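Subject: Two-chain model, handover and notes

Hello,

Please find the structure below.

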Amino acid sequence: MTRFAAMAARVVDVLAIALFVAMFACVLAQVVFRYFLGSPLTWSDELARYLFVWCAFLGWVIAARRRSHLAVTMGRERLGARAQAALKVAGALAAVAFAGVLVFYGTRIAERNWDVETTALAFPVGVVYAIVPLAALAVGLYAVADAAAAWSAWRMGGARR
Amino acid sequence: MITLMLAVLGAWFLSLFAGPAIYVAMGLAGFAFLAIAGIPGIVIPQKVAMAANSFPLLAAPLFILMGNLMNASGISYRIFEFAKAIVGWMRGGLAQANIVGSVIFAGMSGSAVADAAGLGTVEIEAMKREGYDGETAGAVTAASATIGPIIPPSLPMIVYGVAAETSIGALFLAGVIPGLLMAGALMLMVRHLAIRRNMPRHPFEGGRVLWLAFRRAFWALMAPVVLFGGLFSGVFTPTEAAAVAVVYALGLGMFVYREFRLADLPKVILDAVETTGVVMALVMTASLLGYCISVSRLPQEFGAWLTGLTQNPLVYLLIVNVLLLVVGCFMEALAAMLVLIPILVPVAVKLGIDPVQFGLVFVLNLMIGTITPPVGVVLYVTAKVANVPFERMAHAVLPYLVPLFAVLALITLWPAVTTVLPDLLLRRAP
């Protein structure tokens, strides 16, 4: 299980780096072709934007894994250890719920747009949307793990993780 | 539907204090509104995903990468040495160098947190070594870090420009003078405190040392020139300028300073993707909530109510200042910005306030919010770096708020401070 999680994390990391570099290359190619070669590209703008959508969601997953999403923890930290653990469980369950919403509606919007083509590159818009349920599933799983950890901390009387 | 929206916004705001991820609270608030109002939930993934489908917003990850590259190339150290050579001879020299360093760094980084965590680490260490206490070192670092997103490039201004449909180039230009004024005002305050608290000083090290420090920092100092040159000559869009700047930073680290190795690149990129994810999770869910706010017709009602109250743009700006300062104390800056833009900007446009001036007022208010308790991200980071309890840091930063408020008052009362550069250089229609 842990080995599978580590492998999945590695796949996400490599994919994220590859897509980020591709996105950067698109913008750079646009500059080079328009200003230096004098023949603007028609597809670079669109491809860069869709790559950005994917990158944003992959970054979302990576930030969830590293627990670096912004939260206001100063109010919580004034409470006792047990109450803190309880609020952590609640926070993680809220993350699971939102991930669930995105998986459910994300799947539907990806299906609905599977035969709609993008303007310049003519690949399915559904492919762009497919990252929504995929990323949300990963984020949801991380949140379930967080909830479980906070739950056992609560049961042990709120010892700090 | 307005009552529903207000109830949802209230519940969302209160729930934040329980400490969930801010984006989760925003997303669920949007979901709750849509579910109760009976609007199909399929708009949720649409609004969330398509918030990232924006070419101007693409400048954000590229500027984040550029900042990370600069930090990994040992550039922050060179900048601080150069700043020290210029102003180190004043009383409280390192505190002054801290501010000058932030101004230079601001020309390559668009985020106050990046300034506080990157350059700030170098600055706070150096100041502590010279006998400054952690509070002073941290407070100066935090206050000067707010210059980062005012002087271009700027992450908050990119997000503002996209959300409020204002030219990002014009916003960038508009930040130059206020940013320099902030630095000047902060330096006056440091001078005042340095004399009162008898802070350390150095003798002037001579023109030779200054020249040497300048030469060692030269290529780093040229980064903003490359960036602004392309941006303001109208050759590049901000996004394209960001890509060119990334190439420059990479070349600098690898071939000029030779402190950056290609093997480090995957890690630096991955960190940039992570930061992008943190920022975009907020932007994407806030755009969902923003959509809900527009559907509820809250902006129209609020606008009608407010224009019934006052037709005077100045009074409106003052109200907005007070509101944003209060909100900035309790909320994370990007989230606050995205939720309030659809409510506050239409009224400003109706009252004839220049959207660029309004953007600057907006961003500066929320940047001040990042160094005020209880929710101050930059203050939090510097407290960690300086190893000082958050409460003591919050107290130490108070005197430095005075110069920042002075600049805020100035740009509120005198639009020309912000609009003169974009008018001149971009030949905007008045």
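Arg34(A) is partly exposed, at a relative accessible area of 35% (partly exposed lies between the two cut-offs: buried is under 20% relative accessible area and exposed is over 50%, with a 1.4 Å probe and protein chains only). This is a predicted model, in which local features need pLDDT of at least 70 and side-chain atom pairs count only at pLDDT 80 or more, while totals for chains, interfaces and linings use all residues. Residues are numbered from 1 along each chain as its sequence is written, chains are lettered from A and ligands numbered from 1 in the order in which they are written, and side-chain values use heavy atoms, with hydrogens and water left out.

Salt bridges

The side chain of Arg34(A) forms a salt bridge with that of Glu240(B), at 3.5 Å from N to O (a salt bridge is a side-chain nitrogen of Lys or Arg within 4 Å of a carboxyl oxygen of Asp or Glu). This pair crosses between chains: Arg34(A) is in helix α1 (residues 2-36) of chain A, and Glu240(B) is in helix α13 (residues 238-256) of chain B. Helices (H or I, at least four residues) and strands (E, at least two) are DSSP runs, numbered from the N terminus. Glu240(B) is buried, with a relative accessibility of 0%.

A salt bridge also links Asp271(B) and Arg66(A), whose closest N and O atoms are 3.0 Å apart. The pair joins two chains, because Asp271(B) lies in helix α14 (residues 265-295) of chain B and Arg66(A) in the loop between α2 (44-65) and α3 (81-112) of chain A. Asp271(B) is partly exposed at 22%, and Arg66(A) is partly exposed at 35%. Both belong to a network of salt bridges that links Arg66(A), Lys267(B), Asp271(B) and Glu274(B).

Within chain B, Arg261(B) and Asp264(B) form a salt bridge, with 3.3 Å between the closest N and O atoms. Arg261(B) is exposed, at 53%, and Asp264(B) is partly exposed, at 27%. Over all chains, the search of the whole structure finds twelve salt bridges.

Chain A

Chain A has four helices and zero strands. Its radius of gyration is 20 Å, well over the 15 Å that the globule rule gives for 161 residues, so chain A is more spread out than a compact globule (the radius is taken over C-alpha atoms, and the rule is 2.2 Å times the number of residues to the power 0.38). The C-alpha trace of chain A spans about 65 × 35 × 35 Å along its principal axes. Of the 161 residues in chain A, 45% are buried.

For contacts in chain A with a separation of 6 or more, 68% are between residues 24 or more positions apart (contact means heavy atoms within 4.5 Å). Chain A exposes about 8,400 Å², of which carbon and sulfur atoms supply 67% (Shrake-Rupley method with a 1.4 Å probe; for residues, only the protein chains shown count as cover). It carries 16 positive and 8 negative side chains, and the centres of the two sets lie 17 Å apart. Lys and Arg count as positive and Asp and Glu as negative, without His and the chain ends; the place of a charge is NZ of Lys, CZ of Arg, CG of Asp or CD of Glu.

Chain B

Chain B has 22 helices and zero strands. Its radius of gyration is 21 Å, close to the 22 Å from the globule rule for 430 residues, so chain B is as compact as a globular protein of that length. The C-alpha trace of chain B spans about 70 × 50 × 45 Å along its principal axes, and 61% of its 430 residues count as buried. Among contacts between residues at least 6 apart in sequence, 81% join residues at least 24 apart. Chain B exposes about 15,500 Å², with 68% of that from carbon and sulfur atoms. It has 22 positive and 19 negative side chains, with the centres of the two sets 6 Å apart.

Ser102(B) is in helix α6 (residues 93-106) of chain B and is buried at 0% relative accessibility. Not counting residues up to four places away in sequence, Ser102(B) touches Asp115(B), Leu119(B), Glu123(B), Ser144(B) and Ala145(B).

Val388(B) is in the loop between α19 (377-386) and α20 (390-396) of chain B and is buried at 9%. Leaving aside neighbours within four places in sequence, its contacts are Gly134(B), Glu135(B), Ala383(B) and Met393(B).

Regards
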